[in-house]
Amino acid sequence: MEAKVIAKSDIGAWMKGLADKCDVIAPVKDGDVSAFKKIEDFGTLSIDLPTPTVKGLREQFTPETETLFEYKLTGQQAELTSDTAAQKDRLIFGVRACDAAALKYTDAVNANCEPKDALYFAKRKQTTLVGVCCTTPAWSCFCTEIGDFLANPIMMDLYLTDIGDKYYAEALTPKGETLIGASQFQAATDADKQAAESAKQKVIAALPSPIDHAEKGKDFDWDDPMFTKLAEKCLACGACTFLCPTCHCFDIQECAQGSKGSRYRCWDTCQFEKFTLMGHGHNPRPSKNERTRQRVFHKFKYSPERYGILGCVGCGRCITACPVNIDIQRVVHKLEADK
Ligand code: SF4
Ligand code: SF4
């Protein structure tokens with residue numbers, strides 16, 4: 001598909017023009033971290049924030065708390081209302097390649113449940129994604145070990161690569177082609193294309209080499225003694241899963257007030273003991289030993305078996321967030337070495 005360039009100084013004006021048609025969401029500085037927020041003042045837009053944002057795109061498609069429906073009882077009659085009215089279209093700018101790649105996984109999960117997750121797919125349909133190639137990966141990033149989406153991005157509409165005072169802009173979908181039709185974009189030269197390729201290769205060279213984890217994960221040892229050690233350290237705080245762009249588990253709760261109320265879902269995690277506690281009292285994962293194994297096996301063994309996709313994109317967030325330094329990359333390498 002077509003590629004153009006846009007001057008960095010024109011990004012604000014381009015975004016402002018888009019905001020007339022849709023909500024524009026982009027990473028903004030939030031204390032010591034950067035987070036995706038709806039942009040109201042385009043003067044606050046900063047395109048050079050560190051990689052990655054504190055959270056990925058999960059909350060953009062499955063909010064931490066989301067009402068499924070509201071109800072009102074009148075005698076024996078129940079009136080249900082669900083807030084599935086179309087939201088305004090939105091554009092998310094500054095998406096990292098790993099976070100976009102995570103959508104391939106969450107799309108597969110949400111499409112393979114019965115019924116399909118309508119709330120999730122409504123938001124997916126209404127969202128345009130503009131990615132930016134990383135220039136300064138965090139120490140914990142290992143996306144290149146998982147896939148080649150930094151060089152060959154997936155699940156986004158437009159991909160920008162920093163080539164000095166401008167971005168090389170590759171349209172990946174018809175939506176992306178429409179975006180680069182804006183007046184701020186100019187034709188790209190061969191030199192621009194080469195500069196973008198060099199910029200990508202420079203960051204890739206600073207990151208780990210590819211590993212076929214899907215193949216290696218097939219024979220993980222269920223009884224690997226490492227899980228006992230991990231369980232001794234793990235605080236079961238759930239930070240690793242709440243920040244993970246591929247984690248998607250939720251609980252369903254009800255909020256009742258007299259004859260009316262609502263049913264809502266909220267993020268949950270396999271790292272909490274009660275996540276698998278059943279109504280009759282049995283818990284198939286009663287100890288942290290089983291729960292730490294579940295996180296790793298789900299991402300590196302069960303997901304490739306079920307969907308043909310790893311459940312990890314190597315964003316490194318769980319590594320930087322873990323208060324006791326449990327590092328999923330090292331855990332997986334050890335499991336592979338122990339086979
Ligand atoms: S498991 Fe960790 S490194 Fe992998 S996608 Fe989730 S947060 Fe990122
Ligand atoms: S962040 Fe670390 S301590 Fe907290 S649940 Fe995850 S592995 Fe355990």
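Guide: In this predicted model, the chain is divided into domain 1, made of 3-55 + 85-205, and domain 2, which covers 213-338.

Visitor: How do you know that domain 1 and domain 2 are in contact, and how many residues take part?

Guide: Contact requires heavy atoms within 4.5 Å, and by that criterion 25 residues of domain 1 are in contact with 24 residues of domain 2. The centres of the two domains, taken over C-alpha atoms, are separated by 27 Å.

Visitor: What makes up the area buried between domain 1 and domain 2?

Guide: That area is about 2,200 Å², and carbon and sulfur atoms give 66% of it. On the side of domain 1, Tyr105, Phe142 and Ile146 supply 32% of the area buried against domain 2, more than any other three residues.

Visitor: Why is helix α3 called mostly covered?

Guide: A residue is counted as buried when its relative accessible area is under 20%, and 13 of the 15 residues of α3 are buried, so the helix is mostly covered.

Visitor: How far does α3 reach, and what span is expected for it?

Guide: Helix α3 (residues 97-111) reaches 22 Å from its first C-alpha to its last, which is close to the 21 Å expected at 1.5 Å a residue.

Visitor: Is Asn112 buried or exposed, and how do you know?

Guide: The cut-off for exposed is over 50%; Asn112 has a relative accessible area of 56%, and is therefore exposed. Asn112 lies in the loop between α3 and α4, and its C-alpha atom is separated by 8.9 Å from that of Tyr307, although the two residues are 195 apart along the chain.

Visitor: Which strands stand at the edges of the open sheet of 8 strands, and why are they called edges?

Guide: The order of this sheet is β3-β2-β6-β7-β8-β9-β1-β10, with mixed pairing. Strands β3 and β10 (185-187) have a single partner strand each, so one side of each is left without a neighbour in the sheet. From one strand to the next, the twist averages 30°.

Visitor: How do you know that β1 and β9 pair?

Guide: Pairing needs at least two bridges between the strands, and β1 (residues 3-7) is joined to β9 (residues 166-171) over 5 bridges, in the antiparallel sense, so the two are counted as a pair. Within this pairing, the bridge partner of Ile6 is Tyr167 in β9.

Visitor: What makes β2 and β3 a hairpin?

Guide: Strand β2 (residues 23-30) and strand β3 (residues 33-38) run antiparallel and are joined by 6 bridges, with 2 residues between them. Lys29 stands opposite Ser34 in β3, while Gly31, in the turn, has a positive phi of about 70°.

Visitor: Why do β5 and β11 count as edges in the sheet of 4 strands?

Guide: This open sheet has the order β5-β4-β12-β11, with antiparallel pairing. Both β5 (77-81) and β11 (250-257) have a single partner strand, so one side of each is left without a neighbour in the sheet. Here the twist averages 20° from one strand to the next.

Visitor: What packs on this sheet, and which strands are touched?

Guide: Helix α4 (residues 118-125) packs on the sheet, touching β4 and β12, and its direction makes about 125° with that of β4. Those two strands, β4 (residues 65-74) and β12 (residues 260-267), pair in the antiparallel sense over 7 bridges, and Glu70 has Ser262 in β12 as its bridge partner.

Note on methods: Residues numbered from 1 in each chain as written. Chains lettered and ligands numbered in written order. Predicted model: local features only at pLDDT ≥ 70, side-chain atom pairs only at ≥ 80, totals over all residues. Heavy atoms only, no water. Axes fitted to C-alpha atoms, helices over the stretch in contact; angles between N-to-C directions. Expected span 1.5 Å × (residues − 1). Buried < 20%, exposed > 50% of the residue type's maximum accessible area, 1.4 Å probe, protein only. Domains from an automatic or database assignment. Buried area = accessible area lost by both parts, 1.4 Å probe.
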